[in-house]
Amino acid sequence: MFERFTKDARAVVTGAVEHCEGAGEKRVDEAHLLLALLDREGSRASFALTSLGLSGRRDAVASDLAEARRRGGLSRADAEALAGIGIDLAEIVSRVEEAHGEGALVAGRAGGVRRLGRRPFTPGARDLLAASLRTAAAHGDRHIGDEHLLLALTARPGVPAEVLADHGVTHEALERVLWGGGGAKAG
């Protein structure tokens, strides 16, 4: 599959690994891929993000991702579902951090020691890469670009899509910007 990735898409994957290593985490996840997408310049994904008003808001997106990571990777929808059965996620996070230190619920930490070397991808990140292939095929594209990674990311439930939607970047909006609203080509 990776032979079908464009230079921009490969740069996103490489950037995600760098974000993972920089955070001292063991595995590359969807949030690392989103951060790497936000780092891109001069690509189709960066054009789409700029067109949707995300330019200059990278730090806000990164902060929102970090806050979700602090909650153990749970989305707001997860927190609301827990609240519906009487569980206050903010209180749980507070108590765990009080007992074990800030960021204790962050999944995938390398235990404070920075490990260099290959970082495996989480199942969600691998699924995202596979979904980008399906997205490219649905649009009649032979190669997988960073725009396909971004579209696949917004089509999946979870924290990255939720954070992007909070900043006005939805799957539907991306389809309009990238393909003029026609969506996937009929096959």
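Which helix is Thr154 found in? Thr154 sits in helix H8, residues 146-155. This is a predicted model: local features need pLDDT of at least 70, side-chain atom pairs count only at pLDDT 80 or more, and totals for chains, interfaces and linings use all residues. Residues are numbered from 1 along each chain as its sequence is written, and side-chain values use heavy atoms, with hydrogens and water left out.

**Overall build**

- The protein has 10 helices and zero strands. Helices (H or I, at least four residues) and strands (E, at least two) are DSSP runs, numbered from the N terminus.
- Along the sequence the pattern reads α-α-α-α-α-α-α-α-α-α.
- Of the 187 residues, 40% are buried. Buried means under 20% relative accessible area, exposed means over 50%, and partly exposed lies in between (1.4 Å probe, protein chains only).
- Among contacts between residues at least 6 apart in sequence, 68% join residues at least 24 apart. A contact means heavy atoms within 4.5 Å.

**The nonpolar core**

- The largest nonpolar core has 42 residues. Such a core is a set of buried Ala, Val, Leu, Ile, Met, Phe, Trp, Tyr and Cys residues joined through side-chain atoms within 4.5 Å.
- Leu65 and Leu174 have the most contacts inside this core.
- At least two core residues come from each of H1, H2, helix H3 (44-51), H4, helix H7 (123-138), H8, H9 and helix H10 (171-179).
- H2 gives the most to this core, with seven residues.
- In soluble globular proteins, nonpolar side chains tend to be buried together.
- Leu174 touches Ala48, Leu52, Leu150, Leu151, Thr154, Val169 and Trp179, leaving aside residues up to four places away in sequence.

- Thr154 is buried, at a relative accessible area of 12%.
- A polar atom of the Thr154 side chain lies 2.9 Å from the backbone oxygen of Leu151.
- Beyond residues up to four places away in sequence, Thr154 touches Ala161, Leu164, Val169, Thr170, His171 and Leu174.

**Helix H4**

- H4 covers residues 58-70, which is 13 residues. At 1.5 Å a residue these should span 18 Å, and the end C-alpha atoms are 18 Å apart, which agrees. The expected span is 1.5 Å times one less than the number of residues.
- Which residues of H4 are buried? They are Val61, Leu65, Ala68 and Arg69. These four cover an arc of only 105° around the axis, so they lie on the same side of H4. The arc is that of the directions from the helix axis to the C-beta atoms.
- An α-helix has 3.6 residues a turn, so residues three or four places apart point the same way.
- Helix H2 (30-39) and helix H9 (159-166) are among what covers the buried residues of H4.
- Just after H4, Gly72 takes a positive phi of about 80°.

**Salt bridges**

- The structure holds six salt bridges. Each is a side-chain nitrogen of Lys or Arg within 4 Å of a carboxyl oxygen of Asp or Glu.
- Glu25 pairs with Arg69 in one of them, the closest N and O atoms being 3.2 Å apart. The pair links distant parts of the chain, 44 residues apart: Glu25 is in the loop between helix H1 (7-22) and H2, and Arg69 is in helix H4.
- Glu25 is buried at 3% relative accessible area, and Arg69 counts as buried at 17%.
- Glu25, Asp29 and Arg69 are linked in a network of salt bridges.
- Glu30 forms a salt bridge with Arg156, with the closest N and O atoms 3.5 Å apart. Glu30 is in helix H2 and Arg156 in the loop between H8 and H9, 126 residues apart.
- Arg156 is partly exposed, at 22% relative accessible area.
- Arg58 and Asp39 meet through their side chains in a salt bridge (2.8 Å, N to O). Arg58 lies in helix H4 and Asp39 in helix H2, 19 residues apart.
- Arg58 counts as partly exposed at 25% relative accessibility, and so does Asp39 at 37%.

**Thr122 in a loop**

- Thr122 is in the loop between helix H6 (89-100) and H7.
- Thr122 is buried, with a relative accessible area of 13%.
- Thr122 and Arg27 are 95 residues apart along the chain, while their C-alpha atoms are separated by 6.0 Å.
- Thr122 touches Arg27, Val28, Asp29 and Glu30, not counting residues up to four places away in sequence.

Notes: A polar contact is a pair of N or O atoms within 3.5 Å; within protein, one must be able to donate a hydrogen and the other to accept it, and residues adjacent in sequence count only if both atoms are side-chain atoms.
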